[in-house]
Amino acid sequence: MGEKTESRAVELDIHGIKRIFDVDDPVLPSWIDDEALTSGGYPYKKKLKEDEYLDELKTLQIELIKVQFWLQATGKRVMALFEGRDAAGKGGSIAATSAHMNPRLARVVALTKPTDRESGQWYFQRYVAQFPTAGEFVLFDRSWYNRAGVEPVMGFCTPQQYEQFLKQAPRMEKLIVQDGIHFFKFYLDIGREMQLKRFHDRRHDPRAVWKLSSMDIAALPKWKDYSEKRDRMLKDTHTDHAPWTVLRANDKRRARLNLIRHILLTLDYDGKDKEAIGKVDENILGMGSDILA
């Protein structure tokens with residue numbers, strides 16, 4: 001007899017209805033498939049066409065190369081952090097932003113679980129060590145904001161550490177900006193059915209199954225907890241000097257294009273072509289929590 005595997009089916013409360021979701025079942029339930037794109041109040045019923053996306057992305061990536069030349073010439077520094085629920089599209093957004101930049105000057109930081117030594121340090125210390133030097137563009141795939149979401153929800157920090165973080169983060173970020181670093185904070189927001197669909201897609205794609213972790217499954221019933229922590233994070237750490245840029249990310253293509261546009265429109269770099277960059281879609285991108293209201 002073959003070895004019996006433990007079921008990963010979980011009961012979820014979806015808009016007041018009890019649903020069973022089994023990520024190992026190869027058939028995606030219709031209640032997920034039918035609602036995924038428009039979940040969470042997403043404003044579009046169809047994804048952006050791929051050919052349109054690729055054409056616009058190429059234009060924006062050309063502008064990003066100008067940014068990199070500008071950074072090299074001036075010694076200026078850019079830092080962007082990418083936050084959001086699991087499967088929100090952080091990695092893909094980072095890849096689209098940095099794909100054609102010189103990798104020696106555009107660096108992605110994705111820190112693993114802290115070591116015992118790092119756990120005994122000031123919380124921000126290991127992140128500060130990764131900040132950009134002159135001419136660098138650094139992109140954080142998750143950041144110190146683990147302490148505003150994952151850690152308190154999953155019990156990896158104490159309530160006191162959580163509260164202290166929310167007080168310290170705006171102060172620390174003010175120092176970043178005062179030192180002349182161009183600093184972006186992106187939060188990618190997705191609907192619940194879209195998250196479930198993406199988890200299911202990962203589980204049944206041999207190329208992406210490594211992205212689905214036991215932590216993802218454990219977090220499934222904690223959607224409300226994560227939403228509450230997200231809202232508190234945006235409320236307490238959205239400041240004039242370091243605002244949150246929030247993107248509705250059910251359609252990864254629209255999210256990536258608008259994220260890059262925001263970077264380009266914010267930076268005052270040489271050779272900037274505003275017509276090529278275009279305008280940000282205000283249905284997709286907003287500052288702070290207003291777009292989620």
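The model is predicted, so to speak of local features a pLDDT of at least 70 is needed, side-chain atom pairs count only at pLDDT 80 or more, and totals for chains, interfaces and linings use all residues. Residues are numbered from 1 along each chain, and side-chain values use heavy atoms, with hydrogens and water left out.

**Overall fold**
- The protein has twelve helices and eight strands, taken as DSSP runs (helices H or I, at least four residues; strands E, at least two) numbered from the N terminus.
- Buried residues (under 20% relative accessible area, 1.4 Å probe, protein chains only) make up 49% of the 293.

**Annotated span**
- An unreviewed UniProt entry lists residues 48-274 as "domain: Polyphosphate kinase-2-related"; such annotations may be inferred rather than shown by experiment.
- This span is 51% helix and 13% strand, with its end C-alpha atoms 22 Å apart.

**The cavity**
- There is one cavity of 30 Å³ or more, where a cavity is a set of points on a 1 Å grid over the protein atoms alone that a 1.4 Å probe fits but cannot leave.
- The largest cavity has a volume of about 250 Å³, counted as the space filled by probe spheres set on points joined across faces, edges and corners.
- Its lining has 21 residues (an atom within 4 Å of a point), and Gly84, Arg85, Val150, Tyr187 and Tyr226 are the closest to the centre.
- The largest share of that lining, five residues, comes from α10.

Conventions: 1 Å grid on protein atoms, 1.4 Å probe; cavity = no way out; pocket = protein on both sides within 12 Å on 5 of 7 lines; lining within 4 Å. Buried < 20%, exposed > 50% of the residue type's maximum accessible area, 1.4 Å probe, protein only.
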